[in-house]
Amino acid sequence: MFSDESRFSLHFDSRRTFIWRAPGTRYHQENTIERHRYVGAGWIVWGGIILGSRTDLQVQSVTMTGHIYRDVILEQHVRLFRGAMGAEFLFTDDNARTHRANIVDECLQSEDITRMVWPAYSPDLNPIEHV
């Protein structure tokens, strides 16, 4: 099973403001822009593919943590596919920090799920990146 998630922000804010202005006019009213610093609104969408099949998309409105990854993704999706596939099941994720949490490793070991060794920063090797 190949899996991946993407974050979609509801607000674009690079936290940079580009203003072309005359020297000495930095704090003039016309060069001041009101900004909202709250950029937390967004969605994380996770999915997996396996042997001509796919998981349902899992949409989260919170930051993905090791606990959420274990409870929502591994327990509700990956474990079920592993049960259907048997001992030949091989799981692949993208080495994100939440995927490497101790609680995630313990869950994979307890469910006897083998994780494919995956080089960091190599999204071009993961076929789900093209889906």
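This is a predicted model: local features need pLDDT of at least 70, side-chain atom pairs count only at pLDDT 80 or more; totals for chains, interfaces and linings use all residues.
## Contact between α1 and α2

From α1 come Gly66, His67, Tyr69, Arg70, Leu74 and Glu75. Their partners in α2 are Ile103, Val104, Cys107 and Leu108. By class, the contact of α1 with α2 holds six nonpolar residues, two polar and two charged.

## Helix geometry

Two packed helices are described by the angle between their axes and the distance between the axes. Helix α1 spans residues 66-85. It packs against α2 at an angle of about 25 degrees. The two axes lie 8 Å apart. Angles under 35 degrees count as roughly parallel, so α1 is roughly parallel to α2. The crossing of the two helices is right-handed.

Where does Thr98 lie? Thr98 sits in the loop between β5 (90-91) and α2. Its relative accessible area is 18%. The cut-off for buried is under 20%, so Thr98 is buried.

Thr98 touches Met64, Thr65, Gly66, Tyr69 and Val104, leaving out residues up to four places away in sequence. Of these, Gly66 and Tyr69 also take part in the helix contact from the α1 side.

## Confidence

The mean pLDDT of the protein is 80. A value of 70 or more is reached by 79% of its residues. Among the elements, helix α2 (residues 102-110) has the highest mean pLDDT, 94. The lowest, 84, belongs to strand β1 (residues 2-9).

Terms used: Residues are numbered from 1 along each chain as its sequence is written. Side-chain values use heavy atoms; hydrogens and water are left out. pLDDT is the predictor's confidence in each residue, from 0 to 100. Helices (H or I, at least four residues) and strands (E, at least two) are DSSP runs, numbered from the N terminus. Axes are lines fitted to C-alpha atoms, for helices over the stretch in contact, and angles run from 0 to 180 degrees between N-to-C directions. Angles under 35 degrees count as roughly parallel, over 145 as roughly antiparallel, 65 to 115 as roughly perpendicular and the rest as oblique. A crossing is left-handed if the near helix is turned anticlockwise from the far one by less than a right angle, and right-handed if clockwise. Contact means heavy atoms within 4.5 Å. Ala, Val, Leu, Ile, Met, Phe, Trp, Tyr, Cys and Pro count as nonpolar, Asp, Glu, Lys and Arg as charged, and the others, Gly among them, as polar. Buried means under 20% relative accessible area, exposed over 50%, partly exposed in between (1.4 Å probe, protein chains only).
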